[in-house]
Amino acid sequence: MPQVPQRLDASAVRAWCDFALRALGRAREEINAINVYPVADGDTGTNLYLTVESAAAAVEAVFAGHAALAGGRAPEGPALADVVHAMAHGALIGARGNSGTILAQLLRGMAQVLAADSDATHTDGQGLGLALRRAADAARQAVVHPVEGTVLTVASAAADAAFGAEGDCGAVARAAYEGARAALAATPGQLAVLERAGVVDAGGRGLVAVLGALVETFTGEAPAASAVPVLAGHARVGAGPDAMEPHARVDAAVTEPLEEVGECADGTPAPDEGGPAFEVIYLLEAEDAAVARLRDRLDGLGDSLVVVGGDGLWNVHVHVDDAGAAVEAGVEAGRPYRIRITHFGLDDAHTAGAGSRPVRERAERAVVAVVPGEGLAGLYTEAGATTVLARPGEPPASGELVEAVRRAHAREVVLLPNDAELRHTAAAAAEQARTEGVRVALIPTRSAVQGIAALAVHEPRRRFDEDVVAMTSAAGATRYAEVEVAERQSWTMAGICQAGDILGLIEGDVAVIGSDITATAEAVLNRMLAAGGEMVTLVLGDDAPDTIAAHLEARVRESYLAVDTVVYRGGRQGALLLIGVE
């Protein structure tokens, strides 16, 4: 048996995230199949998986950053506080759906305990129990109208069991798991919609999987999956030699009674009976006082309202009939972004094929692109692409790219990651989309300016292979650079830089270190054009000087007579300036 952690440290949190992601990956379809509350849209397992995937990616980024700073010299990893904060933040920005949003708040509650004061105070079994107690309380407070028989009930039961347990982290984690499992089995008796469908709560089932991963982290042994209830009064489906029959019973239990399902998170009717038609989710930058007013405003617009987060960043989830009003409320409170609006009637997995609405015809071909700023998102959208916004420090997970491919609703998709760090994420998304019957070509663009070049030659009427070759050639013929501010002292290919220095990176390597943005950008542009070029693309970030575009355009006109220049506004894209030379 591999060595397991004896205390709750940074490595244990990392292992937990990894085990939880695997557990949810295995249980995802099962959880989707029993998802009847608050809306029977068959996506709870997927939403929980995407939420944990985002949390795990944030944790891995902390470990990678620590290793890069240490240069392989430091024997110890990052601090527990840094890792749990990253876990909570990753879950917050990646939270999907009702259950994913609540899970994000559970992780945030744990982080508040584990990162408090000193690491040593909360790294034993007692500390884990305190963290689980705080997690359950925080999640319940985030839901405007809590309902029993849901993931909140399961979380509370886990916290009660853990708080009363004695022993090390493994003993406390197992107590929490067993308490959650017992509470999950009882959910059909607490919520009529579950009892009618003959299933347990899907969100609670997902939390049991996450707590099972916590047990595996500290004991090295995963709890038996066959012991997890799924059907009301039954053990887990799919266990043992008669797995096919229970699976059939789950499908029947979920799909046949749906016409009777009539409740949402606060007891209001589900969409099929006149309830809210839209799910609205967005991240929000706002002050606490503004968020309190937002809660009241959204509570009057709809139901299933969950607002999680803090310290100026929030994740808002609500079911409403007027999606525009929900977004406008966010605008009044602060700055909403990553806005996702889902119409239950159009995408509900359980109403598909009902014949009440025409099925939208698939397009023949589409382009899906990751873009680093709102300005470029608008540019790509105008060119016909489906975009995924990657904000600074918040790279999209593979699940977000898969969702974008689904939104594109095309038989053939060209995927542009526009970032060298996203190549593996994009490859995983492409592979997943292919299993769903979509023909996907991944063009390994490493910058948004390469994506612009590829999109410029995109021709949907060409044969797919010919179009991909043309786009790949255009992207490959575009050299790229960016100008940004150094965050800390570091060794680079151009020497040692200090925090606050202006860096000019060409093809990902630091080529120029300067103190002036415009001068550094000009030096980078001169180096790139020294090798030739016909077209210069400049994408300005919000923090770029107002005069930089005019200065660089004039420089190109004076020194490179046959070269054209085009300028775009990228918005909050991270880099001060992106440069492309074709």
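The questions and answers below concern a predicted model.

Q: How many of the 18 residues of α4 are buried?
A: Helix α4 covers residues 97-114 and reaches 26 Å from its first C-alpha to its last, close to the expected 26 Å. The helix is mostly covered. The number of its residues that are buried is 17.

Q: Is Glu30 buried or exposed?
A: Glu30 lies in helix α1, residues 10-33. The cut-off for a buried residue is under 20% relative accessible area. Because its relative accessibility is 9%, Glu30 counts as buried.

Q: With which side chain does the side chain of Glu30 make a polar contact?
A: A polar contact requires a pair of N or O atoms within 3.5 Å. The side chain of Glu30 has such a contact at 2.9 Å, and its partner is the side chain of Arg205.

Q: Which strands stand at the edges of the open sheet of 6 strands?
A: The strand order is β13-β12-β9-β16-β14-β15, with mixed pairing. Two strands have a single partner strand each, so one side of each is left without a neighbour in the sheet; these are β13 (509-514) and β15 (564-571).

Q: What is the average twist from one strand to the next in that sheet?
A: The open sheet has 6 strands with mixed pairing. From one strand to the next, its twist averages 20°.

Q: Which residue of β12 is the bridge partner of Val485?
A: Strands β9 (residues 479-485) and β12 (residues 502-506) pair in the antiparallel sense over 5 bridges. In β12, the bridge partner of Val485 is Ile502.

Q: At about what angle to β15 does α20 run?
A: Helix α20 comprises residues 548-559 and lies across β14 (535-541), β15 and β16 (577-581). Relative to β15, α20 runs at about 165°.

Q: Is Gln126 buried or exposed?
A: Gln126 is found in helix α5, residues 125-142. A residue counts as exposed over 50% relative accessible area. Because its relative accessible area is 61%, Gln126 is exposed.

Q: What distance separates the C-alpha atoms of Gln126 and Val172?
A: Gln126 and Val172 are 46 residues apart along the chain. Their C-alpha atoms are separated by 7.8 Å.

Terms used: Residues numbered from 1 in each chain as written. Predicted model: local features only at pLDDT ≥ 70, side-chain atom pairs only at ≥ 80, totals over all residues. Heavy atoms only, no water. Helix = DSSP H or I, 4+ residues; strand = E, 2+ residues; numbered from the N terminus. Expected span 1.5 Å × (residues − 1). Buried < 20%, exposed > 50% of the residue type's maximum accessible area, 1.4 Å probe, protein only. Polar contact = N/O pair within 3.5 Å; in protein donor to acceptor, adjacent residues only side chain to side chain. Pairing = 2+ DSSP bridges. Axes fitted to C-alpha atoms, helices over the stretch in contact; angles between N-to-C directions. Contact = heavy atoms within 4.5 Å.
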